[in-house]
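Hi,

Here is the structure I promised to pass on.

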Amino acid sequence: MTITIAPATAERFDDVEHTFSGGGDGPSCQCQWWTLTNAQFQASDRDEREGMLREQVAAEPSPALIAYVDGEAAGWVRVGPRTTQPRLARTRNFAATTEPWDDPSVWVVTCFIVRKEHRGQGLNQRLLDAAIDHARTNGARVLEAYPTDTSAAKHSANDLYIGILSVFENAGFREVARPKPERVIVQLDLNA
């Protein structure tokens, strides 16, 4: 099995959509949940969200990365400046962050998608490692995430789209807050 990871770009949009079609909420959400307020999300439809995603992946730096397994698009991770995902600042569970919400040097990892047939192969870890490099290369100072601690509560696979705590711990992230037993805020200092 050969795994490669590349930026999600306009030229790879069909690969993005293929990844999204492999299970979960990707096809309907189009990875726009955190980029829109609740009112904006509810007022938009799938086609509008797809249009937003097309614009986002055409920009530099890419807002996400795609994992390929033997040449097939198999996974996705959204990574970018936290300021581009306004719903985060409006989410009560994330209020305990130690970084100012308006700091563009704070980046976030907010969404993983792995097609069902490729789960259990370590793609989330590979995607996260690549996301760390992507954030560092593009000037991020801190990388933050809000993963689920699966040892604290059971969750469906769909609920784990924001990541699993152990994957972030394996990559060197440290816990900075725990607003709920299963919800953790973690950070990685990219200047260390």
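Which residues have the most contacts inside the largest nonpolar core? They are V79, V109, L128, I132, L143, F168 and F173, in a core of 30 residues. Here a nonpolar core is a set of buried Ala, Val, Leu, Ile, Met, Phe, Trp, Tyr and Cys residues joined through side-chain atoms within 4.5 Å. Buried means under 20% relative accessible area, exposed means over 50%, and partly exposed is in between (1.4 Å probe, protein chains only).

Before going further, a word on where this comes from. It is a predicted model, where local features need pLDDT of at least 70 and side-chain atom pairs count only at pLDDT 80 or more, while totals for chains, interfaces and linings use all residues. Residues are numbered from 1 along each chain as its sequence is written, and side-chain values use heavy atoms, with hydrogens and water left out.

At least two of its residues come from each of β2 (64-69), β3 (72-81), β4 (106-114), α5 (123-137), β5 (142-145), α6 (165-170) and β7 (183-189). The largest share is from α5, with seven residues. (Helices are DSSP runs of H or I with at least four residues, strands are runs of E with at least two, and both are numbered from the N terminus.) There is also a second, separate core of 15 residues, which includes A6, L53, W76 and C111.

Setting aside residues up to four places away in sequence, F173 touches L128, I132, L143, F168, V186, Q187 and L188; contact means heavy atoms within 4.5 Å.

T19 is another one to click on. It sits in helix α1 (residues 13-20) and has a relative accessible area of 1%, so it counts as buried. Beyond residues up to four places away in sequence, T19 touches I66, A73, A74, G75, W76, I113 and R115.

Now the aromatics. Rings of Phe, Tyr and Trp (its six-membered ring) pair if their centres lie within 6.5 Å; planes under 30 degrees apart count as stacked, over 60 as edge-to-face and the rest as tilted. That rule gives six aromatic pairs. In one of them, the ring centres of W34 and F94 are 5.6 Å apart with the planes at 45°, so the pair is tilted. W34 is in the loop between α2 (26-29) and α3 (38-43) and F94 in the loop between β3 and β4, so this pair ties together parts that are 60 residues apart in sequence. F94 also pairs with Y146: the centres are 4.0 Å apart and the planes at 20°, so these two are stacked. Together, W34, F94 and Y146 make up one aromatic cluster.

Two arginines lie over ring faces as well. R82 is over W101, at 4.2 Å from the ring centre, and R87 is over W33, at 3.6 Å from the ring centre. The test is that NZ of Lys or CZ of Arg is within 6 Å of the ring centre and within 35 degrees of the ring normal.

Finally, A96, in the loop between β3 and β4. With a relative accessible area of 40%, A96 is partly exposed. Leaving aside neighbours within four places in sequence, A96 is in contact with A177 and I185.

Cheers
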